[in-house]
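Welcome! Here is a short tour to read with the sequence and the 3D view side by side.

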Amino acid sequence: MDLMKALTSQYMKAEAPEVHVGDTVRVHVKIKEGSRERVQVFEGTVIAKKHGGLEETFTVRRISYGVGCEKVFLVHSPSIVKVETVRRGKVRRAKLYYLRDRMGKSAKVKERV
């Protein structure tokens with residue numbers, strides 16, 4: 001077990017982004033197009049967190065042009081530049097998959113004060 005920890009610790013970020021389910025976040029991701037690199041921003045609600053350690057992921061959902069779009073991000077990925085928390089959400093579930101069926105105001109998450 002210590003060998004596994006030693007191997008994975010070198011790839012883990014020193015300061016992992018603080019992300020909670022229900023939060024609205026803005027994820028800055030490095031995109032490589034040919035020889036150029038640029039930063040693309042994906043903003044949405046965190047609907048799930050999975051796994052732990054090096055394989056830890058979080059799923060972000062947004063609605064663009066009336067179509068739901070979800071992306072899964074690795075927390076310790078080197079392509080993630082930064083994660084900003086836009087607003088904190090007050091939820092009572094670990095997974096917010098029920099938001100997939102909802103549109104408009106019913107798909108909103110209450111804000112934690």
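**A first look**

At a relative accessibility of 34%, Arg38 counts as partly exposed, a class that lies between buried (under 20% relative accessible area) and exposed (over 50%), using a 1.4 Å probe and protein chains only. This is a predicted model, in which local features need pLDDT of at least 70 and side-chain atom pairs count only at pLDDT 80 or more, while totals for chains, interfaces and linings use all residues. Residues are numbered from 1 along each chain as its sequence is written, and side-chain values use heavy atoms, with hydrogens and water left out.

**Confidence**

- The mean pLDDT of the chain is 95, and 100% of its residues reach 70 or more; pLDDT is the predictor's confidence in each residue, from 0 to 100.
- Confidence is lowest in α1, at a mean of 89, and highest in β2, at 98.
- Helices (H or I, at least four residues) and strands (E, at least two) are DSSP runs, numbered from the N terminus.

**The sheet**

- Five strands form an open sheet, in the order β4-β3-β2-β1-β5 and with antiparallel pairing; two strands pair if DSSP finds at least two bridges between them.
- β4 (67–74) and β5 (80–87) stand at the edges with a single partner strand each, so one side of each has no neighbour in the sheet.
- On average, neighbouring strands of this sheet are turned by 40° against each other, direction ignored; the axes are lines fitted to C-alpha atoms, and angles run from 0 to 180 degrees between N-to-C directions.
- β1 (residues 24–33) pairs with β5 in the antiparallel sense over 6 bridges.
- His28 stands opposite Lys82 in β5.

**Around Arg38**

- Arg38 is found in strand β2.
- Leaving aside neighbours within four places in sequence, Arg38 is in contact with Val29, Lys30, Ile31 and Glu33, where contact means heavy atoms within 4.5 Å.
- The side chains of Arg38 and Glu33 are joined by a polar contact of 3.2 Å. A polar contact is a pair of N or O atoms within 3.5 Å; within protein, one must be able to donate a hydrogen and the other to accept it, and residues adjacent in sequence count only if both atoms are side-chain atoms.
- Arg38 and His28 are 10 residues apart along the chain, and their C-alpha atoms are separated by 9.9 Å.

**Nonpolar cores**

- The largest nonpolar core has 12 residues, among them Val27, Phe42, Phe58 and Ile80. Such a core is a set of buried Ala, Val, Leu, Ile, Met, Phe, Trp, Tyr and Cys residues joined through side-chain atoms within 4.5 Å.
- β1, β2, β3 and β5 are the elements that give two or more residues to this core, and the largest share, 3 residues, comes from β1.
- Not counting residues up to four places away in sequence, Val27 touches residues including Phe42, Phe58, Phe73 and Val83.
- A second, separate core of 6 residues includes Val21, Ile47, Leu96 and Leu99.

**Helix and loops**

- Thr8 is found in helix α1 (residues 2–9) and is buried, with a relative accessible area of 19%.
- A polar atom of the Thr8 side chain lies 3.3 Å from the backbone oxygen of Lys5.
- His51 lies in the loop between β2 (36–50) and β3 (57–64); His51 is exposed, at 64% relative accessible area, and has a positive phi near 65° in a residue other than glycine.
- Tyr65 is found in the loop between β3 and β4; Tyr65 is exposed, with a relative accessible area of 85%, and its phi is positive, near 55°.
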